[in-house]
Amino acid sequence: MDSLHSPSIPSSIANPPTTTSSSSKPSLQSLITQKEALEAELSALSSVLQSQGATMQTSLTTFDGFPRADIDVAQIRTVRARIVRLKNDWKSVMEKVEVAVLEGFAAKGLGEEEETGTVVTALGSVGGQGHSNGVGTMRAEGSGERAAAPPIEPPFARVNSVVEGSPAATAGLRAEDRVVKFGNADWQNHERLGKVAREVQTNEGREVVVKVIREGRVVELKLVPRRDWGGRGLLGCHLVPL
């Protein structure tokens with residue numbers, strides 16, 4: 001019989017397939033598969049917390065120290081513990097992805113266009129569009145773009161498209177970027193992007209810090225939502241939840 005307190009997660013996510021290899025080091029593709037499985041389970045667990053109206057910080061006791069009766073305290077504790085473990089696993093996998101990508105470029109040689117393209121294609125599936133300008137250093141092409149610290153949180157949305165000349169394009173946002181942070185919205189509280197919409201509306205004309213995963217690294221952008229750019233909306237981009 002299933003436990004009443006077990007979070008409802010599809011078995012394909014909760015028990016991602018394991019890969020075996022004769023090599024001591026996992027391949028880049030297997031690391032990407034692990035990363036995507038972890039992100040899928042984290043997203044499912046986040047939905048479980050949201051269904052309870054809870055976050056990782058929500059108090060589980062009443063003012064006088066008794067367990068709250070309006071939420072499933074046991075389930076929330078189980079989900080939180082699992083999330084903490086998965087976040088640590090995700091950080092570890094992302095570090096391995098970065099190493100694998102760098103080693104892939106070094107082994108293939110950037111001068112060999114066909115072979116480099118294979119590595120760049122694999123790199124693109126890590127969380128952004130592949131570019132043959134190297135991985136060790138991120139070139140800042142957008143006006144508000146700079147290389148940031150290593151990944152610390154899983155993404156909650158993907159940039160589906162960016163309109164040329166829009167506030168999003170000016171900030172340096174690109175299609176296929178994976179959004180880690182949008183102002184105060186993150187993977188724990190984005191409410192199927194509802195919180196992102198509120199961040200945009202309340203910060204019209206003001207800078208909003210946006211962090212995205214691109215090419216296995218976190219890139220920090222400064223985006224200013226505005227209406228006078230000549231297109232629809234305040235951003236000029238389309239986000240889809242992960």
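I looked up what covers the buried residues of helix 6 (residues 194–202), and found that the cover includes strand 3 (178–182) and strand 6 (237–241). Contact here means heavy atoms within 4.5 Å. Helices (H or I, at least four residues) and strands (E, at least two) are DSSP runs, numbered from the N terminus. The model is predicted, with local features needing pLDDT of at least 70 and side-chain atom pairs pLDDT 80 or more, while totals for chains, interfaces and linings use all residues. Residues are numbered from 1 along each chain as its sequence is written, and side-chain values use heavy atoms, leaving out hydrogens and water.

I noted that Lys195, Val196, Glu199 and Val200 are buried in helix 6 (under 20% relative accessible area, with a 1.4 Å probe and protein chains only). Seen down the axis of helix 6, its buried residues fall within an arc of 145°, so they line one face of the helix; the arc is taken from the directions from the helix axis to the C-beta atoms.

I then turned to strand 5 (residues 217–223), where 5 of the 7 residues are buried, so the strand is largely enclosed by the rest of the structure. Strand 4 (residues 208–214) pairs with strand 5 in the antiparallel sense over 7 bridges; pairing requires that DSSP find at least two bridges between two strands. I recorded Val218 in strand 5 as the bridge partner of Ile213. The hairpin of strand 4 and strand 5 has 2 residues between the strands, and Glu215 takes a positive phi near 55° there.

Key. Buried < 20%, exposed > 50% of the residue type's maximum accessible area, 1.4 Å probe, protein only.
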